[in-house]
Amino acid sequence: MLDVIQNLVDFTGESEYNGHMDANLIFGQSINYISKKSDPADLIRLVNYGVQSIGIGILFLDRNRKCVYANKHAFSMFHSEENPEVLGNIFFEWMSGLGIAQTAASWCRVYSNGDKERLYRVRFRSIIDSSNILLGYMYTVQNLSDIVENSTGEQYRLTHDELTGLYNREGFNEAARELLKETEESYLLLYSNIKDFKLFNQLFGIDKGNDILMNIGDMMLQHVRVGDIYGRINGDHFAMCIPKARFDEKGFKELVREIAGRVTSKTYSLHMQIGVYEVRDSYMDIPLMCDRAYMACKSIKKDGVCEIAWYSDEMLVNALLEKEVLSSFDFAIFNKQFGIYLQPQVYPDGTVFGAEALARWIHPENGLIEPSVFINVLERADLIYKLDRYIWELAAAQLAAWKGTEMEGLSISINVSPKDLYYLDIKKEFMNLARQYDIDPKYLNIEITETAVTSDVAKCAKLILELQSSGFSVEIDDFGSGYSSLNMLKDINANVLKIDMGFLRRTDNLERAHVILNYTIDMAHELGMGVITEGVETKEQLDFLMGMGCGMFQGFYFDRPMPVESFEDKYRGKIKTIVTEEKDHEI
């Protein structure tokens, strides 16, 4: 790098350059674009003259970030004497005062010199050779003051984002509207979202967050073409409007991986979600197109570096349903529209020892609303803890109502969602319920999903021990659904493992799955834990599981979830309340 810069700096008509320097040293892979008959000395003169004459400031840094070359325009822009080190000091003092990292890809800021203020746009590049070796760095500085100060200046401020220099929401909407009005070509509107970006800002600070946004903006500037419309809509959301014929999904993912590589560290990995809306009606409002592309964004469940989803009309139906659920949820809680259905937990002979309480929304106009409609919506909105707490209380009240009846002695299992662990003091909640309804904690079984446990094993292990010491029984639900199941059991001492028969349905290799299931059941028993298999649907499954030593079941083969009254009517007289040796072994 220094050899290259020094030749650019020292070269004059009287240079001692002998004409034998390898052109590859100077131009690298770009030598392919140079006439092989060119005189290297002429090429150096041409490049040097071009760099000096171009209407933007250019600064080159060596690997130690010392400014070793700058063109005349750069010295003039910063009113510096023609000494690269002096210019470098002025430049980096300006950056430091603005709180901008030296690796920020692009930014737009005012530079003040006495009474004069100028708006400069700066871009940063690392210079890497063909062997992926760092040679140095380059900054380019563009003066935008003329644009801002002339008659279009006010409009520029209204339509452009200060941080990235791209269109803001208003500018993007206006430019995209004009583009689509004047073309018959098929276009796509792309809308991006960075997963957990707000959390990143809280952990690492706004400046680091801005650095990521500027890198994304810079990537867009590098790869868009004339006529493309692109901008930062708000926060971490960017949008593009490009011809459908030019959208290469694989290539787009590669671009995002490139930008992710700049900001990924040991403590943070960039995960970008891209929603794509195909423009069918060019006269539709641009904000509505953005909304639909964003719906596609929100449908993404995977955690890859870049995931892309295309909008479908079904997403709009789901979005309207989600809006309806959220707008009426608090009213439904207040008016006690939610209730519990009980699904029996049974022995092989059909006698019942307990039930799982499942939420149902009994709407006064729409009738019974299944949990598949509202559970995921409430989880995404971080409202699931409100519903869970309400259901827990209904279950505790039901146990209290059974006291003194033949149903006394049945247990009810209630679900703890992963997010409940962050919003609620779980032990305090259940201790309060046991006291309030005067129930024996051993009949209120607490189900925690394996996913919740593996998200913070140490925290859950401590919680489970506290609950057990207070008399509650703890069940690990959906055991085997994750990839850390066996590792988790080293630290978690639950009372019961609940294994879903979906474990067998999710594989094509049933023989291997049977072996794993058999060993899991044996292992649970050896560790002193009971096993409930849920999702049992056929007599063949029941016989198969019994042959493996499983003695407690839940599933449609025995019964579907049902209202409390129906459960009481059906299972009165079919209750095994005496603790047998089998149940001692299982629970």
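A nonpolar core is a set of buried Ala, Val, Leu, Ile, Met, Phe, Trp, Tyr and Cys residues joined through side-chain atoms within 4.5 Å. Buried means under 20% relative accessible area, exposed means over 50%, and partly exposed lies in between (1.4 Å probe, protein chains only). This is a predicted model, in which local features need pLDDT of at least 70 and side-chain atom pairs count only at pLDDT 80 or more, while totals for chains, interfaces and linings use all residues. Residues are numbered from 1 along each chain as its sequence is written, and side-chain values use heavy atoms, with hydrogens and water left out.

Of the 587 residues in the protein chain, 48% are buried. The largest nonpolar core has 76 residues, and F430 and F567 have the most contacts inside it. Helix α15 (residues 384–402) gives this core its largest share, 10 residues. Helices (H or I, at least four residues) are DSSP runs, as are strands (E, at least two), numbered from the N terminus; the chain has 25 helices and 20 strands.

Contact means heavy atoms within 4.5 Å. Beyond its neighbours within four places in sequence, F430 is in contact with W392, I414, V416, L444, I446, L467 and F472. A second, separate core has 54 residues, including F92, A104, Y230 and L270.

Which helix holds L199? L199 is found in helix α9 (residues 197–204), and is partly exposed, with a relative accessible area of 44%.
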